[in-house]
Amino acid sequence: MNRGTTVGTAVSPASPGSSKPLTPERKPGQTARARRNKATMIAYLFLAPSAIPLLAFVVVPMFRAAWASLHTWNLISPMKWTGLSNYQELFTDQDTLVVFGHTLYYVAGTLPLTFVGGLALALGLNRAFRGRNLLRGVYFLPVVTSWIAVAIVWRWLLNPSVGIVNTVLANFGIDGPGWWTDPTWSMPSIILASAWKDLGYVMVLLLAGLQTIPTDVQEAATLDGVGWFSRLRTITLPLLSPQIFFVVIISLINGFQVFDQVYAMTGGGPNGSSEVVVERVYDLTFRYGQAGMASALSMLLFGVIMTITMIQIRGERKWVNYA
Amino acid sequence: MPKSKRTWILAAVLTAGAIAMVFPFVWTVITSVTSGAGLSATPTLIPEDPSLDAYRTLFSTTTFARSVANSVGLALAVTVIQVTTSALAAYAFSRFEFPGKRAAFALYLATMMIPMQVLLVPLFDQMKSLGLVDSYLGVLLPSVASAFGVFLMRQAMVTVPRELDEAAMLDGAGHLRTFASIVMPNVRPAMATFGIFAFMSSWNAFLWPLVILRSDELKTLPLALASLQGQFTTQWDVMMAGSVVSIIPMLALYIFAQKYIIQGVAGSGIK
């Protein structure tokens with residue numbers, strides 16, 4: 001490094017040599033084409049260590065998932081071609097509707113909580129006061145922890161008989177629900193834990209946006225006597241729209257892939273009351289030996305995620321105010 | 001209301017919220033030192049008779065220590081490998097013109113949209129035919145490359161002045177040498193940010209290890225934690241001890257690298 005820096009300063013950007021394109025050691029007799037070919041070879045060599053694994057473990061499996069979705073397959077005996085019948089069965093199967101319904105329930109419950117909470121935190125922590133960096137750090141803390149650890153912690157907090165939440169509720173004379181042991185409350189329990197864990201994530205994304213809003217606009221409006229709420233509605237939120245849009249999209253994409261917390265908090269139960277799409281893919285493959293059906297279901301999931309991504313790409317142009 | 005008073009109230013409300021946010025962690029630690037919590041004892045805010053019994057039970061009756069070692073080893077390996085493969089590709093994308101460059105970069109970006117959840121079945125089948133089910137290599141292989149890492153490192157590398165490379169090359173350095181001694185030292189912040197995320201995502205990974213690992217000796221921490229639930233159904237002190245052991249390394253990393261982590265999230269939306 002030291003050597004590099006010294007050499008770098010010796011040849012200043014203004015020196016005539018620097019405006020020429022990057023040319024490796026030039027051997028006499030080497031043609032321009034040979035040099036280009038050599039450079040291409042070197043570039044491919046630098047790409048290979050990541051390109052080959054990405055092809056082998058992302059691109060190829062993606063096609064194989066699509067292929068497997070057209071077969072009956074139990075991972076052991078050879079695949080049997082069945083065309084679109086897996087999809088047909090999925091579309092008529094009540095269970096598909098149920099797991100997508102639970103997944104939507106999860107998204108519809110978590111997104112508003114983290115969005116409203118994260119926006120409030122971002123607005124509050126965008127003000128200047130002592131200790132705000134510490135507070136930002138604390139709110140973000142759950143984001144970096146393992147979902148499995150957090151899920152077990154929340155099972156303990158929400159334990160129906162001896163958990164702290166129901167103990168506190170009982171002190172106020174409230175008979176707490178059965179939380180993750182009760183089919184009605186299993187999904188709300190997962191949503192509560194997820195909102196706690198993701199709040200700081202949404203806060204950080206929105207804070208990044210708030211910090212790009214010039215303060216003079218806000219100050220001018222304040223001097224003109226515009227109230228806090230009007231300023232939020234007419235200045236802050238419109239200028240924050242790129243980040244708001246991004247938060248909604250990324251929460252939808254992440255939300256449809258939900259698995260860890262469901263697996264560790266409820267295992268999809270009780271009575272399948274919290275089973276989500278990915279859990280169903282897992283069960284179909286490793287419990288019921290229906291890998292073909294599981295592949296078809298994961299292709300449906302992929303379709304949903306791709307649709308959301310397309311909305312993001314198109315919407316960013318149309319919907320968002322990049323003032 | 002005067003402005004200073006309003007700010008004071010705001011700070012007080014936000015502090016109360018922050019205390020509520022950390023409470024689950026505090027309660028976890030308290031429970032882990034309350035011997036018999038959930039069975040014979042009820043944890044209290046100030047533990048009456050703190051003991052490390054739960055930690056002793058955890059490490060003496062399970063392969064938890066081994067799982068800690070597995071997670072540390074795998075996370076370190078994934079970090080070193082991903083940073084290396086990503087930086088090499090980023091160098092190619094930022095320093096060369098070659099046929100198919102745009103298409104290749106688009107393909108890298110496209111792979112970021114495909115979640116692991118969709119690839120579960122074929123990946124498992126691939127590992128099965130390679131004989132890698134229930135092996136470290138089976139866990140590791142799908143995380144050798146990271147398109148996100150390539151993207152992040154490339155963004156940093158295009159800002160490194162080309163004059164630096166040229167000077168080194170006039171001096172007789174080849175591409176590998178220029179990469180290692182000129183470009184890499186100039187993208188240390190991006191390398192640190194990405195390295196931290198690679199470590200965190202390996203440490204917290206659950207779905208793929210769950211699918212590919214079987215034996216207790218190979219299990220990573222999240223898998224070991226999940227199976228504690230079956231083994232210690234109502235012994236909450238032991239389960240909370242397990243959670244504490246799994247959370248503490250991330251907490252330590254977070255305290256030291258908070259700046260990088262928050263900037264990384266704010267800049268790219270990864271978590």
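Of the 323 residues that make up chain A, 36% count as buried. This is a predicted model, so treat what follows as a reading of that model. Chain A has 14 helices and 2 strands. Take the contacts in chain A with a separation of 6 or more: residues 24 or more positions apart account for 69% of them.

**Where the chains touch**

How many residues does each chain bring to the contact? Chain A puts in 77 residues and chain B 83 residues. On the chain A side, the largest share comes from helix α2 (residues 32-68) of chain A, with 19 residues. By class, the chain A side that touches chain B splits into 57 nonpolar, 16 polar and 4 charged residues.

**Two domains in chain A**

Chain A is divided into domain 1 (34-80) and domain 2 (86-319). Their centres, taken over C-alpha atoms, are 33 Å apart. Where the two domains meet, domain 1 of chain A gives 10 residues and domain 2 of chain A gives 9 residues. On the domain 1 side, the elements that give two or more residues are α2 and β1 (71-72) of chain A. The largest share of that side, 3 residues, comes from α2(A), the helix that also gives the largest share of the chain A side facing chain B. The domain 1 side divides into 6 nonpolar, 4 polar and no charged residues.

| Helix pair | Axis distance | Crossing angle |
|---|---|---|
| α2(A) and α3(B) | within 8 Å | roughly 145 degrees |
| α1(B) and α13(B) | 7 Å | about 125 degrees |

Start with the pair across the chains. The partner of α2(A) here is helix α3 (residues 64-95) of chain B, and the crossing of these helices is left-handed. From α2(A), the contact uses A:Ala43, A:Phe46, A:Leu47, A:Pro49, A:Ser50 and A:Ala51. Facing them from α3(B) are B:Thr85, B:Ser86, B:Leu88, B:Ala89, B:Tyr91 and B:Ala92. The class count for this contact is 9 nonpolar, 3 polar and no charged residues.

Now for the pair inside chain B, made of helix α1 (residues 3-32) and helix α13 (residues 236-268). Why are these two called oblique? They pack at an angle of about 125 degrees, so α1(B) and α13(B) are oblique to each other. The crossing of α1(B) with α13(B) is left-handed. If you want to find the contact on screen, look for B:Thr28, B:Val29, B:Thr31 and B:Ser32 on α1(B). On α13(B), pick out B:Trp236, B:Asp237, B:Met240, B:Ala241, B:Ser243 and B:Val244. This contact divides into 5 nonpolar, 4 polar and 1 charged residues.

Finally, have a look at B:Lys101, which lies in helix α4 (residues 101-111) of chain B.

Terms used: Residues numbered from 1 in each chain as written. Chains lettered and ligands numbered in written order. Predicted model: local features only at pLDDT ≥ 70, side-chain atom pairs only at ≥ 80, totals over all residues. Helix = DSSP H or I, 4+ residues; strand = E, 2+ residues; numbered from the N terminus. Buried ≥ 20, exposed ≤ 12 C-beta atoms within 10 Å, placed from the backbone. Contact = placed C-beta atoms within 7 Å. Nonpolar A, V, L, I, M, F, W, Y, C, P; charged D, E, K, R; others polar. Domains from an automatic or database assignment. Axes fitted to C-alpha atoms, helices over the stretch in contact; angles between N-to-C directions. Left-handed = near helix turned anticlockwise from the far one by under 90°. Parallel < 35°, antiparallel > 145°, perpendicular 65-115°, else oblique.
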